[in-house]
Amino acid sequence: MLTAADETHADVYRFQLERLLRAGFLQPETEYHVISDPGGMRIGSGGATLHVIRQLEQRGISLTRSRILLIHSGGDSRRIPHLSVLGKVFTPLPEPIGSVFEMTYDLLTAIGKHITAGLMVACSDTLMRLPSEVISFPQNFDVTGVGYWGQPELGERHGVYEFDPQTHEVLFCHQKSSADRLRQAQLCNSKGLVAIDTGILVCNPNAVSQLQSLANLFSEDTPVDLYGEMLPALSSQTEEHDFLSDHPPVRRPLWDALHPLRFGVWTPPGLEFFHTGTTREYLGLVERLHAQTSHTEHSNSLAINIPLDSGWVCLRYGVSDVPTHCGEEATLFDEPLTPWLQRHGLSPETIWAGIEPTQRCLWNARLYPVKCSPEPEGIAHSQRTDLPGGTVMFSAEQPGWFQSPTREWLESERLSMADVMQRADRVEAFAQAQRIEAKRRM
């Protein structure tokens, strides 16, 4: 099962699965489904999990007798916008890996061979590898989380498991706590590492039954956070009063259904964990896996032509820019956007009209002019690299409209990254990516 943000994403995911079936990577005896979030609503990874359960029940699939792999892939990839067009889950990686999906699928199916029935839930945001010969999956829990021993600084950006070292029962789930706080809570092992939540959860049939009861109880538009609400409800030492103090209409049923379940953590030896939260981290991983010279060594920005429902946009931004950062941290080509506006005598409303001040970030900034055709591939003497949705061009130069905003730019139809993702023609982008791949293999 793959989740998608909407039906346009879902269609492209189906094309990708069909491609992998034709290539012999996927097994024809396995059923493959793509389910989009209802009405394109953001219902959280927990809400999306329950929505998938409802959909499978409607299709007559016995959830407690089947082996089901669910990969959540409905996010926007806002911090890596050039991956948003076709979805981060199918991001290409150097051969022989293929893509994020293929790397993730290999790991999860290796684990799945050790269960006879149940539901395995994972997200497409983290990449891992695990030698299959070391797998010895525990069978004594209703829900098992997969943990990775990593530095506390990495734990700041993820959940961290606190568990009984003898029984491996999960006591607490710490969400994005500071490294100092993790050390002070004595969560480090003898090597100074903490058990980081990889996002992988394995639910046995008993746990699946409880999830079914929740799916039938909640409406499809009820937001539920899988890692921020369901995991604390499962943890044995979570205080009931503290848990129910926020959103009790949702959290009371979660507590009643999930807290009685046995929740443990498994930290397999040899697990490799790759974090790709930002554009620079993603490019660093590609270079690491490919063992090639850095694209960004002499280039600090990239560009990608994206087909729209009408026209094209060349999405350009700095390798170090994080589009979700707001306020003084909102940058483009490493330059804070507010001083850039001031320097050119422009008001914030020029690019952020109708956007709340607390939400003014690069993702929401209407900067990118709509063109009738894609920009030439040779812009700014760039270095070209084939990545999802088209050819990414790395450059040390900035576009003319950023260096000197003209009246033509001010009066043009301009889109934000968020607008581009709403209007992107993903089917054409997929076809474009396939043409690039076919040409590369000639």
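**Aromatic rings in the model**

Student: Is Phe 101 buried or exposed?
Tutor: In this predicted model, Phe 101 is buried, with a relative accessible area of 3%.

Student: And Tyr 105, buried or exposed?
Tutor: Tyr 105 is buried as well, at 7% relative accessibility.

Student: Where do Phe 101 and Tyr 105 lie?
Tutor: Both belong to helix H3, which covers residues 100-112. They are 4 residues apart, about one turn of the helix.

Student: How many aromatic pairs are there in the whole structure?
Tutor: A search finds 16 aromatic pairs.

Student: Why is the pair of Phe 101 and Tyr 105 called stacked?
Tutor: The ring centres are 5.5 Å apart and the planes meet at 25°, so the pair counts as stacked. The cut-off for stacking is planes under 30 degrees apart.

Student: Turning to the tryptophans, which helices hold Trp 340 and Trp 409?
Tutor: Trp 340 is in helix H11 (residues 337-343), while Trp 409 is in helix H14 (residues 407-411). Their pair therefore ties together parts that are 69 residues apart in sequence.

Student: What is the angle between the planes of Trp 340 and Trp 409?
Tutor: The angle is 85°, and the distance is 6.2 Å centre to centre; this aromatic pair is edge-to-face. Both Trp 340 and Trp 409 are buried.

Student: Which residues form one aromatic cluster with them?
Tutor: The cluster consists of Trp 340 and Trp 409 together with Phe 333, Tyr 368, Trp 401 and Phe 402.

Student: What about charges: which residue has its charged end over the ring of Trp 409?
Tutor: That residue is Arg 414, whose charged end sits 4.5 Å from the ring centre. Elsewhere, the charged end of Arg 251 sits over the ring of Phe 243, at 4.8 Å from its centre.

Conventions. Residues are numbered from 1 along each chain as its sequence is written. This is a predicted model: local features need pLDDT of at least 70, side-chain atom pairs count only at pLDDT 80 or more; totals for chains, interfaces and linings use all residues. Side-chain values use heavy atoms; hydrogens and water are left out. Rings of Phe, Tyr and Trp (its six-membered ring) pair if their centres lie within 6.5 Å; planes under 30 degrees apart count as stacked, over 60 as edge-to-face and the rest as tilted. Helices (H or I, at least four residues) and strands (E, at least two) are DSSP runs, numbered from the N terminus. Buried means under 20% relative accessible area, exposed over 50%, partly exposed in between (1.4 Å probe, protein chains only). A charge sits over a ring if NZ of Lys or CZ of Arg is within 6 Å of the ring centre and within 35 degrees of the ring normal.
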